[in-house]
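This report walks through selected residues and charge pairs. Keep the sequence and the model side by side while reading.

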Amino acid sequence: MSYLALYRKYRSKTFDEIVGQKHITQSLINQIKNDEVGHAYLFTGTRGTGKTSIAKIFAKAINCLSPVNGSPCGKCAACQALSDMGSVDIFEIDAASNNRVDEIRELRERVKYPPVTCKYKVYIIDEVHMLTDSAFNALLKTLEEPPSYVVFILATTEVQKLPATILSRCMRFDFKLLTEEELESHLKYVFSDSKIKYEDSAVSTIARLGAGSVRDTLSIADMCVAYSNRNVTFDSVIEAVGMTDRNTMKLLISSVLDKNEGELLSNVDMVARQGKNMTQLAKDLVGYVRDLLVVKTCKDYKSILKLPADQIADLETLATKADNSRFIDILSALSVLDNEFRYTTNPRGLLEIKLVTLCNYDSKDIDELKMKIKVLESKINK
């Protein structure tokens, strides 16, 4: 296979290459420099934030003969021996498929033997929350009193499922979601290094869709690069990921604000004929109304939204049609649809009902209803 996905091609090999997570990498680097390596670590956080990458770097760094600023040099005999993760001294175990007590008992037997070529024997157990209760019990004693040459690194996305007895024996590191700025910066580096043309607004959109995950961001970028033939534009990103184009969303929200039910239903029908997913349309509308609120409330909305000039102009025009409370009500009504879609076989009908209901919005009626609720609450409290 000649082509490597972007998230594999640009997987970090040193601590300096890790995107974000400075609070974690600096702690690990200091431990390596001070020769204070612990026996058990717990890496927890959302997918794609660097847990496995940092675990692999740390496993090589503590065995490196001449680490550079705490990171593996990549040149010494130990680094060369560990460059293949099939090394006899580094074990990467997927707990999702090796979660039985028998596998953990086998691990306990292997722990007794010292490393073959390195200083430390490292066990990286991914998705550790998938272990059975009996498997956790089997692992417990080994975690409590492991041989001096063994280091455990447990990685999980659902730390709440781990027993307290396991948590208390590990040094815990919580991985945070990356900011859009961090993802944008990394994505621009990847595109530039791969000689891929891009628009800043396209990069901002991909980073927003990545939702704090480096891997998700690069996977989406891969799809957009393939669709756009290595010229990633804002429009090509919208088309590649199946989002509703912003002009259509403008028409839909404008129909709601103008209380034009006929035009609204015609626009929904147009979107449905294009084969768009109604669930995705609802999510896209939530994002669009959120952008309108940003325009209404933030002075620096242009730098926050990072959209093309024509899109900003559309938002500015539409934002003048209603006040903040109107947009908040629309946002609140559309936000709950994601949960309601799970219990319906007709998402289009549900979305149409919600949008038509929003057309019949009357601020005076809403204010009167809120006032009645306050009066009732005060009577109940008395």
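Where is Gly20 placed? Gly20 sits in the loop between helix 1 (6-9) and helix 2 (22-33). The model is a predicted one.

## Gly20

With a relative accessible area of 24%, Gly20 is partly exposed. That value falls between the limits of 20% and 50%, so Gly20 counts as neither buried nor exposed. Setting aside residues within four places in sequence, Gly20 is in contact with Leu178 and Glu182.

Gly20 and Ile312 are 292 residues apart along the chain. Their C-alpha atoms are separated by 30 Å.

## Two buried residues

Thr44 belongs to strand 1 (residues 40-44). Its relative accessible area is 5%. Buried means under 20%, so Thr44 is buried. What does Thr44 touch, not counting residues up to four places away in sequence? The residues are Lys51, Thr156, Val159, Arg172, Phe173, Asp174 and Phe175.

Ser201 lies in helix 9 (residues 200-210). Here the relative accessible area is 10%, and Ser201 is buried because this is under 20%. Neighbours within four places in sequence aside, Ser201 is in contact with Phe234, Lys306 and Pro308.

## Salt bridges

Side chains of opposite charge can pair when their charged atoms come close. How many salt bridges does the structure hold? The count is 17.

One of them joins Arg172 and Asp174, with the closest N and O atoms 3.0 Å apart. Arg172 is partly exposed, at a relative accessible area of 42%. Asp174 is also partly exposed, at 38% relative accessibility. Both Arg172 and Asp174 are among the residues that Thr44 touches.

## Pairs across the chain

Lys119 forms a salt bridge with Asp35. The closest N and O atoms are 3.6 Å apart. Is Asp35 buried or exposed? Asp35 is exposed, because its relative accessible area of 52% is over 50%. Lys119, at 49% relative accessibility, counts as partly exposed.

Lys321 forms a salt bridge with Asp258, the closest N and O atoms lying 3.1 Å apart. This pair too links distant parts of the chain, 63 residues apart. Lys321 is in the loop between helix 16 (309-319) and helix 17 (324-335). Asp258 is in the loop between helix 12 and helix 13 (261-273). Lys321 is partly exposed, with a relative accessible area of 40%. Asp258 counts as partly exposed at 43% relative accessibility.

## A network and a patch

Which residues are linked in a network of salt bridges? They are Asp269, Arg273, Arg348 and Glu352.

A negative surface patch is formed by Glu199, Asp235, Glu239, Asp245 and Asp310. Asp245 has its place in the loop between helix 11 (234-240) and helix 12 (246-257). At 31% relative accessibility, Asp245 counts as partly exposed. Patch residues need over 30% relative accessible area, so Asp245 passes that cut-off.

Definitions and conventions: Residues are numbered from 1 along each chain as its sequence is written. This is a predicted model: local features need pLDDT of at least 70, side-chain atom pairs count only at pLDDT 80 or more; totals for chains, interfaces and linings use all residues. Side-chain values use heavy atoms; hydrogens and water are left out. Helices (H or I, at least four residues) and strands (E, at least two) are DSSP runs, numbered from the N terminus. Buried means under 20% relative accessible area, exposed over 50%, partly exposed in between (1.4 Å probe, protein chains only). Contact means heavy atoms within 4.5 Å. Patches are made of residues with over 30% relative accessible area and no salt bridge: like charges are joined within 9 Å, nonpolar side chains (Val, Leu, Ile, Met, Phe, Trp, Tyr) within 5 Å. Accessible areas come from the Shrake-Rupley method with a 1.4 Å probe; for residues, only the protein chains shown count as cover. A salt bridge is a side-chain nitrogen of Lys or Arg within 4 Å of a carboxyl oxygen of Asp or Glu. Lys and Arg count as positive and Asp and Glu as negative; His and the chain ends are not counted. The place of a charge is taken as NZ of Lys, CZ of Arg, CG of Asp or CD of Glu.
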